[in-house]
Amino acid sequence: MERELRTLDDVEDAIRSLAVRGAPAIGVAAALGLVASFARETTPSRDALRAAIERLARSRPTAVNLPWAMARLRRVVESAPIGTPLLDALAAEAERLLAEDAAMCDAIGRHGAALLADGARVLTHCNAGALATAGIGTALAPVYTAVAAGRRVEVIACETRPLLQGSRITAWELAEAGVPVTVCTDSMAASLMRAGRVDVVLVGADRIAANGDVANKIGTYALAIAASYHGVPFYVAAPSSTIDPEAPDGSAIPIEQRDADEVRRLGDRQLAPPNAAVHNPAFDITPAALITAVVTDGGIARPPYQFAR
Ligand code: MRU
């Protein structure tokens, strides 16, 4: 589905409401959106641009790709001559972010495909595919690359409560690409592992701390514990823009708390009583000790992790 974003309000709303979501996609969308929202101005002040950048950087707190992309634009704001040259330089930088993200996805695909044998059954969570990035995805990139190389790969997509990115997005994009996909509820994953029906778990990330702790969609931590217990390799795939060397470990990563109605309701239907208290963190932290390897555009990192961008 297409949505036209013309103003800063449009861009901020699209990010907050998850019309565009997924760590790399929100960084790129914010960059292109910032440029679009100043397209009708000829000489915006540096202060106006700085304020807009700060505002978009704060629109979702966990994925570091967003402040990372905004920091790239901020450097342009501080260095280019004011007026049209500055707007042109911002547009060029936003286009570069778009192209770089697609290239990083391809590289993740090349490195990560080596982890998937012919016949692999891959369990994933949330959506870390093409619809979360400017390219072929992060966690799904190795799947697409292995399939393109002629290997048979099946995916089990956890539905991902409360917003169901797994069933609504991952299952849709894999089916469109002709990759066999089976949806399971989040609570079925451990018993599938116990039954020997999962060869690897492969998930994306919203922020990776320097020590290898990973913030990803709520439910990822439980999958990592189950995978460790059942001896199933647990892989994280993300571009280097998702690494936050300034977060020494997972406790430094801010976790987004979202609206209670995302849990109380399912689409138009009220499930829990409207006054029931709700716990709705959008992400959790998986400790590095549970992660077999991290696949980035730079290659495959194994413990002990020490990430720098
Ligand atoms: O809240 P979302 O849908 O933006 O969260 C995205 C995720 O957590 C994805 O699983 C992901 O791995 C990071 S984006 C490739």
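Predicted model: local features only at pLDDT ≥ 70, side-chain atom pairs only at ≥ 80, totals over all residues.
**Cavities, domains and a pocket**

The second largest cavity holds about 60 Å³ of space. By type, the lining residues are five nonpolar, three polar and four charged.

Stay with Pro162 for a moment. Pro162 sits in the loop between β2 (153-158) and α7. The peptide bond from Arg161 to Pro162 is cis, with omega near 5°. Most peptide bonds are trans. A cis bond also joins Pro303 and Pro304, with omega about -5°. Pro304 belongs to the segment after β13 (299-301).

Now look at the chain as a whole. Which domains does the domain assignment give? The assignment gives domain 1 (8-106) and domain 2 (109-301). Their centres, taken over C-alpha atoms, are 26 Å apart. The contact draws 20 residues from domain 1 and 34 residues from domain 2.

How much area is buried between domain 1 and domain 2? The size of an interface is often given as the accessible area lost when the parts come together. Here the buried area is about 2100 Å², and carbon and sulfur atoms give 54% of it. On the domain 1 side, Arg21, Thr62 and Cys105 lose the most area to domain 2. Together they account for 31% of what that side buries. The rule finds one salt bridge across this interface. Glu256 and Arg60 meet through their side chains in a salt bridge, at 2.9 Å from N to O.

The structure holds three cavities of 30 Å³ or more. The largest cavity contains about 200 Å³ of space. Its lining is made of 23 residues. Arg21, Gly22, Ala23, Asn127 and Asp206 lie nearest its centre. Two or more lining residues come from each of α2 (23-37) and β6 (214-217). The most come from α2, which gives three. Sorted by type, the lining has eleven nonpolar, eight polar and four charged residues. Why does the largest cavity lie between domain 1 and domain 2? Both domains give residues to its lining, so the cavity lies between them.

Finally, turn to the largest pocket. Its volume is about 1000 Å³. There are 25 residues in its lining, and those nearest its centre are Met1, Leu18, Ala19, Val20 and Arg21. The elements α2 and α7 (165-176) each give two or more residues to this lining. The largest share, five residues, comes from α2. The lining divides into 15 nonpolar, four polar and six charged residues. Domain 1 and domain 2 both contribute to the lining, so this pocket too lies between them.

Most residues other than glycine have a negative phi. Leu18 is not a glycine, yet its phi is positive, at about 70°. Leu18 lies in the loop between α1 (8-16) and α2. Arg21 ties the tour together. Arg21 lies near the centre of the largest cavity, among the residues nearest to it. Arg21 is also among the residues nearest the centre of the largest pocket.

Note on methods. Residues numbered from 1 in each chain as written. Heavy atoms only, no water. 1 Å grid on protein atoms, 1.4 Å probe; cavity = no way out; pocket = protein on both sides within 12 Å on 5 of 7 lines; lining within 4 Å. Points joined across faces, edges and corners; volume = space filled by probe spheres on them. Helix = DSSP H or I, 4+ residues; strand = E, 2+ residues; numbered from the N terminus. Nonpolar A, V, L, I, M, F, W, Y, C, P; charged D, E, K, R; others polar. Domains from an automatic or database assignment. Contact = heavy atoms within 4.5 Å. Buried area = accessible area lost by both parts, 1.4 Å probe. Salt bridge = Lys/Arg side-chain N within 4 Å of Asp/Glu carboxyl O.
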